[in-house]
Amino acid sequence: MSQTTILDTIVAHKRQEIAARRELVPIKLLESSLYFKSQPLSLRKYLLREGGSGLIAEFKRKSPSKGWINQYAPVERTTLGYMQAGAAALSILTDTEFFGGKNEDLTTARRFNFCPIIRKDFVVDEYQILEAKSTGADAVLLIAAVLSPVEIDKLGRLARSLGLEVLLEVHDAEELARSANAEAVDLIGVNNRNLHDFSLSLDTSMALAEAIPSEFVKVSESGISTAKAISQLHAVGYRGFLLGEAFMRHARPERACATLVQEIAALIKEPAVAV
Ligand SMILES: O=P(O)(O)OC[C@@H](O)[C@@H](O)c1c[nH]c2ccccc12
């Protein structure tokens, strides 16, 4: 099981990046950001909202598995369009080297949107949690495959102390069993992408659904593109659906999002609640 994955390469690069960034932007400066004092929105609540789509729409320009997906879509129009289309939340890739993102993408999305925003990066250091807060994020991703339970506990608690929610990503039952820590984690995301060969299978989410303790909101990540898949995942308990490529591969990603939201509404009919 000690085969090297793309994650190892990314994390090695990330550690160097953080060392350099720390020199340029000291923690004191991060803490002086206006966003440091603002009250984050709850990703959990937005995903569980009655009648909501549960869609987490991702802004992702490229990826190690696909190369460039969309080099030209602007952050403003795309993220605002995602929200107007009925997405429940946004995920913004901030890694530059492997995903073509940047922190400014998140800050831009923040300025244009009132919704929970996940800072999607490879968090291995407390500095990155402070950075997420300083750029206006509401939630951070932690990846069980690259963090020990002790690290998850430490990073998750720090995030929570700043009001951020924590989405913990797992790939299998073993990662889930060792990492599901309710003191440090709010939501559990099952990644359908196999990190060894990049293959995608929704069976990963289907197989793990029952093993996820009920206090966590369940999120299914990657390889989702149809309303049918979402309704199947919904039926086994998932309430968040993270989609990137299915939207970003279109010249107008927000339009693809709007189409899917309509298809989901037609398929998943929850009892209407008077408001
Ligand atoms: O583009 P997709 O297959 O819809 O996947 C989105 C998202 O799940 C994927 O980008 C992702 C899941 N976990 C990550 C961790 C880091 C970077 C990216 C990811």
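**View 1. Packing of helix α6 against its surroundings.** The buried residues of α6 pack against α1 (6-24), α2 (27-31), α5 (103-112), β5 (117-120), β6 (139-143) and α7 (149-161), where a residue is buried if 20 or more other C-beta atoms lie within 10 Å of its own, exposed if 12 or fewer, and partly exposed in between, with C-beta atoms placed from the backbone. The coordinates are those of a predicted model, in which local features need pLDDT of at least 70 and side-chain atom pairs count only at pLDDT 80 or more, while totals for chains, interfaces and linings use all residues. Residues are numbered from 1 along each chain as its sequence is written. Helices (H or I, at least four residues) and strands (E, at least two) are DSSP runs, numbered from the N terminus.

**View 2. Burial along α6 and the residue that follows.** Helix α6, which spans residues 126-135, is mostly covered, with eight of its 10 residues buried. These are Q128, I129, L130, E131, A132, K133, S134 and T135. After α6 comes G136, which has a positive phi near 100°.

View 3. Strand β7 (residues 165-170) is largely enclosed by the rest of the structure, because six of its six residues are buried. On one side E165, L167 and E169 are buried, and on the other V166, L168 and V170 are buried, so that both faces of β7 are covered.

View 4. The chain passes from β6 through α7 to β7 in a right-handed β-α-β crossover, a term meaning that, with the strands pointing away from the viewer, the path from the first strand over the helix to the second runs clockwise. Strand β7 also runs parallel to β8 (residues 187-191), to which four bridges join it, and I188 in β8 is the bridge partner of L168. From β7 the chain crosses through helix α8 (residues 173-179) to β8, and this β-α-β crossover is likewise right-handed.

**View 5. The chain as the setting for these close-ups.** The chain has 12 helices and 10 strands. Buried residues make up 45% of its 275 residues, and its C-alpha atoms fill a box of roughly 50 × 40 × 40 Å, taken along the principal axes.

How values were computed. Contact = placed C-beta atoms within 7 Å. Pairing = 2+ DSSP bridges.
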